[in-house]
Amino acid sequence: MVTFKPMLSHDFLAFVDYFVVDYASEIASSYRLSEADALLQARRETEASFPDGEKSAGQVVLCITQTHLGEEQHIGYLWYKPDSELKSIYINDFYLFPQFRGLGLGSEAMKCLEEQLIQQGYNQIKLRVAADNRRARQVYETNGFAVTGINMNKILGESSHPASED
């Protein structure tokens, strides 16, 4: 059974260590920034989102756990921002440790989250997923998420037209 637990300070430090590096990699890939610039941006955005660590107002950070053979295992992280006016949440990060992927735990966690959110009066979950993250897209699409847009960017000073294949 998958459940969620609030992060303690040591969980939060481990989360930030993982998240900044992972997010920087996504920034570098998706937005074509250098690794150094992407890492700087990831650090700045994370610090801005969490001025008070795991207790930062307006942010929910949880450990994803499962009970297996009577023991609770920490299997990943969930970070989201609730919007009580719109009755929605925005998932900033949903991460399962690699050894727990491909076992249906992502879908189980998503269903558990949905049940909790419905009980709390929410009616929508929003998120962004990198175009090349096929595994995450599969989990989300399997659980009823639909594509709502496409992110785009341009690095200034580059050609505005792709090279022709002639």
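The legends below describe close-up views of a predicted model.

**View 1. Helix α2 and its length.**
Helix α2 covers residues 35–49, which makes 15 residues.

Which residues of α2 are buried? They are A38, A42 and T46. Seen down the axis of α2, these buried residues fall within an arc of 65 degrees, so they line one face of the helix. An α-helix has 3.6 residues a turn, so residues three or four places apart point the same way. On the other side of α2, the exposed residues are A36, R44, E47 and A48. Helix α1, residues 9–31, is part of what covers the buried residues of α2.

**View 2. The largest nonpolar core.**
This core has 35 residues. Within the core, the residues with the most contacts are F15, I64, L78, I91 and L113. Two or more residues come from each of the strands β1 (2–6), β2 (60–68), β3 (71–83) and β4 (88–96), and from each of the helices α1, α3 (105–119) and α4 (134–142). Helix α3 gives the largest share, 6 residues. In soluble globular proteins, nonpolar side chains tend to be buried together.

Leaving aside residues up to four places away in sequence, I91 touches L78, W79, Y80, M110, L113, I125, K126, L127 and R128. Two of these, L78 and L113, are also among the residues with the most contacts inside the largest core.

The structure holds 18 aromatic pairs. In one of them, F15 and F19 have ring centres 5.5 Å apart and planes at 20 degrees, so the pair is stacked. Both residues lie in helix α1, 4 residues apart, which is about one turn of the helix. F15 counts as buried because its relative accessibility is 0%. F19 is buried as well, with a relative accessible area of 5%.

**View 3. A tilted pair between a loop and a strand.**
The rings of F50 and W79 form an aromatic pair with 4.7 Å from centre to centre and 50 degrees between the planes, and the pair is tilted. F50 lies in the loop between α2 and β2, whereas W79 lies in strand β3, so the pair ties together parts that are 29 residues apart in sequence. Both are buried: F50 has 7% relative accessibility, and W79 has a relative accessible area of 4%. F15, F19, F50 and W79 belong to one aromatic cluster, together with F12, Y18, Y23, Y77, Y95 and F97.

**View 4. The loop residue Q59.**
Where is the place of Q59? Q59 is in the loop between α2 and β2. At 14% relative accessibility, Q59 counts as buried. Apart from residues up to four places away in sequence, Q59 touches S49, F50, W79, Y80, K81 and N92. Among them are F50 and W79, the two members of the tilted pair.

**View 5. S25 and E72.**
S25 lies in helix α1 and counts as partly exposed, at 49% relative accessibility. S25 and E72 are 47 residues apart along the chain, and 30 Å separates their C-alpha atoms.

Methods. Residues are numbered from 1 along each chain as its sequence is written. This is a predicted model: local features need pLDDT of at least 70, side-chain atom pairs count only at pLDDT 80 or more; totals for chains, interfaces and linings use all residues. Side-chain values use heavy atoms; hydrogens and water are left out. The expected span of a helix is 1.5 Å times one less than its number of residues. Buried means under 20% relative accessible area, exposed over 50%, partly exposed in between (1.4 Å probe, protein chains only). The arc is that of the directions from the helix axis to the C-beta atoms. Contact means heavy atoms within 4.5 Å. A nonpolar core is a set of buried Ala, Val, Leu, Ile, Met, Phe, Trp, Tyr and Cys residues joined through side-chain atoms within 4.5 Å. Rings of Phe, Tyr and Trp (its six-membered ring) pair if their centres lie within 6.5 Å; planes under 30 degrees apart count as stacked, over 60 as edge-to-face and the rest as tilted.
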